[in-house]
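Please open the model in your viewer and keep the selection tool at hand.

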Amino acid sequence: DPNSYRSLSGDEEPTDIEVVLPKEEGDSDEETQSPEDRANDLNADRFYRNLAEELSDKILDSIAEECVDLYEDDLRSRDEWSKTYEEGLLLLGLTLEEKTEPWDGCCAVSHPLMAESAIKFQAEAITETFSAQGVCKTTIIGKINDKREKAAERVENDMNWRMTTQMKEYRPEHERMLWNLSIAGSAFKKVYFDPSLDRQTSVFVSAEDLVVPYGATDISTTPRLSHRMRKSLNDIKKLQNAGFYRDIELEEPPENTKQSAKDKVTGVVPVGDTRLELVEMQLDLEIEGFEDVDAEGNETGIMIPYIVTFDVYSREIISIYRNWKIDDETKSRVQHFVHYIYIPGFGFYGLGLVHLVGGFAKSATSILRQLVDAGTLSNLPAGYKTKGIRVQRDSDPLTPGEFRDVDVPSGTLRDNLMPLPFKEPSQVLLSL
């Protein structure tokens with residue numbers, strides 16, 4: 001039964017597998033649910049509500065100003081990382097260029113070193129992930145008996161059905177994640193319940209859209225984490241209608257004309273893009289009216305985890321949710337993101353092909369273009385001619401088998417023409 005258990009996602013390893021078996025005759029709800037659980041169920045609707053609906057405009061403006069400033073600081077702290085990533089994407093050579101330097105029509109091909117490596121990694125990783133035995137496998141922790149084996153088999157079958165059939169986006173998003181992972185060094189999956197789909201969903205989030213502050217080293221210990229999203233007004237209205245976002249009128253921003261690094265690589269131009277830029281920030285806050293209190297009801301002054309979503313253009317907060325479990329006395333942050341790392345680096349983001357072989361790919365592209373240009377110059381040489389010499393259609397290149405009339409003012413034709421000493425393509429460059 002797909003509804004016989006609840007799965008919680010995260011990047012921590014499970015300590016146990018809890019399976020709720022079908023109730024046998026004589027069982028009742030009261031016997032399987034403690035008084036504490038029943039009380040938590042009664043308070044769950046209030047606990048998981050959107051707090052932005054209850055806060056005053058003054059408090060919301062103060063929180064919005066703080067969050068936007070923190071977000072902009074975090075973006076500036078990784079400017080050099082963003083620049084390296086954008087330059088590295090151009091080395092993939094996914095677009096056909098037309099170069100005019102050093103002359104019009106010179107070689108513009110790119111060496112396929114990085115693209116070939118990324119494709120090989122993606123092909124091998126997706127085969128391992130989606131094996132013939134299924135995406136999900138279960139392990140029984142503790143004593144193994146027939147009852148637990150059957151329960152584990154049901155969990156495994158149900159999870160495989162969810163990830164391959166119900167969650168139609170799971171495999172395409174996973175393949176996109178693997179492609180970006182090998183190039184950038186870091187990629188993310190966001191696992192959450194989508195109210196518009198009424199089910200769990202797992203979507204890919206690129207490293208450029210997940211922003212952390214300077215000094216962060218791990219996704220579970222970072223003081224804050226910002227997910228940058230682009231949504232249309234209609235998508236936002238759907239979530240407002242479902243009660244997930246605060247029902248306020250948001251301004252449509254000016255048309256976005258900034259071409260991202262990925263747009264440049266794929267040749268896509270943002271025409272008519274009026275989507276809103278939303279930021280979903282996970283951070284610790286102390287909100288007036290919702291302060292942390294101890295067992296005796298006294299305020300502790302400790303900031304506790306929330307998820308704040310705001311519109312970058314209008315600086316309006318549309319939701320604030322508590323980000324810990326209702327029964328967690330420690331109020332530990334719930335993790336919605338899974339961080340995949342290609343090769344661990346010095347900081348938060350991993351090292352990818354851009355960092356490992358980007359310089360080699362750039363050099364290989366330069367050498368390849370030099371070889372092609374050398375062959376072009378040796379086949380169609382240029383040079384100097386005497387000012388008085390007249391050649392019919394002197395701007396048109398000679399075609400094979402063609403003889404063209406030349407008027408020579410004095411001397412021989414050889415004395416009035418001097419081709420530049422172009423060399424054949426170098427064997428040394430080819431070997432290099």
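**Stop 1: helix α7**

Select residues 170-184, helix α7: its 15 residues should span 21 Å at 1.5 Å a residue, and the end C-alpha atoms are 21 Å apart, so the two values agree. The expected span is 1.5 Å times one less than the number of residues. Helices (H or I, at least four residues) and strands (E, at least two) are DSSP runs numbered from the N terminus.

This is a predicted model, in which local features need pLDDT of at least 70 and side-chain atom pairs count only at pLDDT 80 or more, while totals for chains, interfaces and linings use all residues. Residues are numbered from 1 along each chain as its sequence is written, and side-chain values use heavy atoms, with hydrogens and water left out.

Among the buried residues of α7 are Tyr170, His174, Met177 and Leu181 (buried: under 20% relative accessible area, 1.4 Å probe, protein chains only). Just after α7, select Gly185, whose phi is positive at about 100°.

**Stop 2: the sheet**

Next, display the open sheet of 5 strands, β3-β4-β5-β6-β7, with antiparallel pairing (strands pair if DSSP finds at least two bridges between them). β3 (210-211) and β7 (317-322) are the edges; each has a single partner strand, so one side of each lacks a neighbour in the sheet.

Start at β3, joined to β4 by 2 bridges: Val211 has Ser226 in β4 as its bridge partner. Ser226 is in turn the bridge partner of Met281 in β5, and 8 bridges link β4 and β5. Finish at β6 (residues 304-311), which 5 bridges join to β7; there, Val308 stands opposite Ile320.

Definitions and conventions: Buried means under 20% relative accessible area, exposed over 50%, partly exposed in between (1.4 Å probe, protein chains only).
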